[in-house]
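Here is a briefing for a reader new to this structure. Please look over the sequence and the model before reading on.

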Amino acid sequence: MSEQLIDTFGRVHRDLRISVTDRCNFRCTYCMPEEGMDWTPREELLTFEEIERLARLLVDRFGIDGIRITGGEPTVRAHLPVLIKKLADLGVDLALTTNGATLRLVAHDLREAGLKRINISLDTFDRDRFIRLTRRDELAKVLDGINAAIEAGFEPVKVNCVVMKGVNDDEILDFVRFGRDNGVVVRFIEFMPLDADEIWSEDKVMSQAEIVELISAHYAIEPLERGSAPAARWRYTDGGGEVGVIATVTEAFCESCDRIRLTAEGAFHNCLFAVKNYDMRAMLRGGATDDEIADALKGAVHDKWAGHQIGQVHFIRPKKSMSQLGG
Ligand code: SAM
Ligand code: SF4
């Protein structure tokens with residue numbers, strides 16, 4: 001590593017999220033509309049070779065040490081294990097976020113290819129509620145996908161649950177028990193204003209404080225060291241594992257954020273809520289040298305703002321939905 005990706009506030013960026021597709025087999029209400037998504041045509045997606053070139057450059061020159069593969073739904077991208085193998089060879093902490101529905105089919109191949117960690121998104125254990133939330137009848141497949149991930153040897157397996165008031169906040173303790181019983185780390189995510197249908201409102205956000213108050217009324221927990229990770233973490237003092245909350249809305253962690261993002265069509269975003277992005281695909285396909293690409297990435301991170309300001313008058317809602325940004 002010769003340099004660091006550093007912004008004007010002194011934040012060093014080491015964590016890369018790569019979306020490999022904007023397509024999805026689900027239509028979660030809080031993420032994308034039921035119909036009318038314009039999927040990026042195949043030829044406009046970055047190829048595995050293009051993704052690998054950018055990732056290698058970021059690792060070799062700038063010390064990126066964590067890569068998370070996301071989407072849309074990453075497992076719908078054909079031959080995903082081939083990409084996983086290329087990225088695993090870079091020696092980074094490699095993780096994947098998935099809705100879990102097809103995990104039974106691919107978990108083993110992903111593990112063999114070198115994937116280390118996996119996060120599965122699940123917001124309810126109730127079948128009818130699951131159908132309303134995802135517009136798909138696949139709860140049983142997702143639960144089986146979680147088992148498949150455990151069987152394939154992923155360590156840890158994490159379950160991400162977006163908590164929405166009046167929708168699934170009555171299931172928080174069910175998730176806590178599920179995590180403790182199955183040895184998976186549950187992470188509750190505050191509902192963010194990146195839903196394509198714009199159903200978000202501040203009163204639907206179940207805050208970290210409310211979530212932790214509820215859990216601690218039933219289980220003894222104590223806080224764990226956090227570092228630059230987005231999740232605040234607690235451990236059950238009886239040895240039942242740990243639980244986390246990603247409080248993007250009520251406890252914004254912008255001052256310690258070390259994340260950068262690449263969308264499926266090769267747009268570089270220096271923040272989940274950034275309104276501006278940088279076209280890396282044009283550079284890759286226009287014959288840019290590694291030095292030119294590195295300079296562009298450095299400039300893009302340098303431009304990063306202090307924070308997203310959700311809930312304040314200055315907040316500008318990004319045009320892209322969560323499914324296009326990768327979470
Ligand atoms: N399809 C994969 C999945 O669902 O895990 C990966 C992409 S998804 C966009 C990544 C994460 O973003 C998921 O954990 C999902 O629950 C979360 N997410 C989507 N929309 C959200 C929103 N409006 N607020 C908070 N989290 C959201
Ligand atoms: Fe698809 Fe994941 Fe978005 Fe649900 S949260 S619609 S599974 S991308």
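Glu138 and Lys141 join their side chains in a salt bridge, with N and O 3.8 Å apart. A salt bridge here is a side-chain nitrogen of Lys or Arg within 4 Å of a carboxyl oxygen of Asp or Glu. This is a predicted model: local features need pLDDT of at least 70, side-chain atom pairs count only at pLDDT 80 or more, and totals for chains, interfaces and linings use all residues. Residues are numbered from 1 along each chain as its sequence is written, chains are lettered from A and ligands numbered from 1 in the order in which they are written, and side-chain values use heavy atoms, with hydrogens and water left out.

- Lys141 is partly exposed, at 47% relative accessibility. Buried means under 20% relative accessible area, exposed over 50%, and partly exposed in between (1.4 Å probe, protein chains only).
- One network of salt bridges with shared partners joins Glu49, Glu52, Arg56 and Lys86.
- The structure holds 25 salt bridges.
- One of them pairs Arg135 with Glu34, at 3.9 Å from N to O. Arg135 lies in the loop between helix 4 (127-134) and helix 5 (139-152), and Glu34 in the loop between strand 3 (15-19) and helix 1, so this pair ties together parts that are 101 residues apart in sequence. Helices (H or I, at least four residues) and strands (E, at least two) are DSSP runs, numbered from the N terminus.
- Glu34 is partly exposed, with a relative accessible area of 49%.
- Asp93 and Arg117 form another salt bridge, and their closest N and O atoms are 2.8 Å apart. The pair links distant parts of the chain: Asp93 sits in strand 5 (residues 93-98) and Arg117 in strand 6 (residues 117-121), 24 residues apart.
- Asp93 is partly exposed at 32% relative accessibility, whereas Arg117 is buried at 19%.
- Side chains of opposite charge can pair when their charged atoms come close.

**Nonpolar core**

- The largest nonpolar core has 102 residues. Such a core is a set of buried Ala, Val, Leu, Ile, Met, Phe, Trp, Tyr and Cys residues joined through side-chain atoms within 4.5 Å.
- The residues with the most contacts inside this core are Ile18, Ile67, Ile69, Leu87, Ile118, Phe188 and Ile215.
- Helix 1 (residues 48-62) gives the most to this core, with 8 residues.
- Leaving aside neighbours within four places in sequence, Ile18 is in contact with Ile51, Ala55, Ile67, Arg68, Ile69, Thr70, Leu87 and Leu262. Contact means heavy atoms within 4.5 Å.
- In soluble globular proteins, nonpolar side chains tend to be buried together.

**Ile211**

- Ile211 belongs to helix 7 (residues 208-216).
- Ile211 is buried, at 0% relative accessibility.
- Not counting residues up to four places away in sequence, Ile211 touches Val163, Ile172, Phe188, Met206 and Val245.
- Ile211 and Glu198 are 13 residues apart along the chain, and their C-alpha atoms are separated by 24 Å.

**Ligand 2**

- Around ligand 2 are Cys24, Phe26, Cys28, Cys31, Met32, Gly72 and Asn99. A residue is near a molecule if one of its heavy atoms lies within 4 Å of it.
- By class, this shell has 5 nonpolar, 2 polar and no charged residues. Ala, Val, Leu, Ile, Met, Phe, Trp, Tyr, Cys and Pro count as nonpolar, Asp, Glu, Lys and Arg as charged, and the others, Gly among them, as polar.

**Cysteines**

- A search of the whole structure finds 0 disulfides. A disulfide is a pair of cysteine sulfur atoms within 2.5 Å.
- The cysteine sulfur closest to that of Cys257 is in Cys271, 6.5 Å away and too far for a bond.
- Cys271 is in no disulfide either, and its nearest cysteine sulfur, that of Cys254, is 6.2 Å away.
- Cys257 is buried with a relative accessible area of 17%, and Cys271 is buried with 11%.

**Backbone**

- Glu155 and Pro156 are joined by a cis peptide bond, with omega about 0°. Pro156 lies in the loop between helix 5 and strand 7 (157-163).
- His79 is not a glycine, yet its phi is positive, near 60°. His79 is in the loop between strand 4 (66-70) and helix 2 (80-88), and is exposed at 58% relative accessibility.
- Arg135 also has a positive phi, about 60°, although it is not a glycine.
- Most residues other than glycine have a negative phi, and most peptide bonds are trans.
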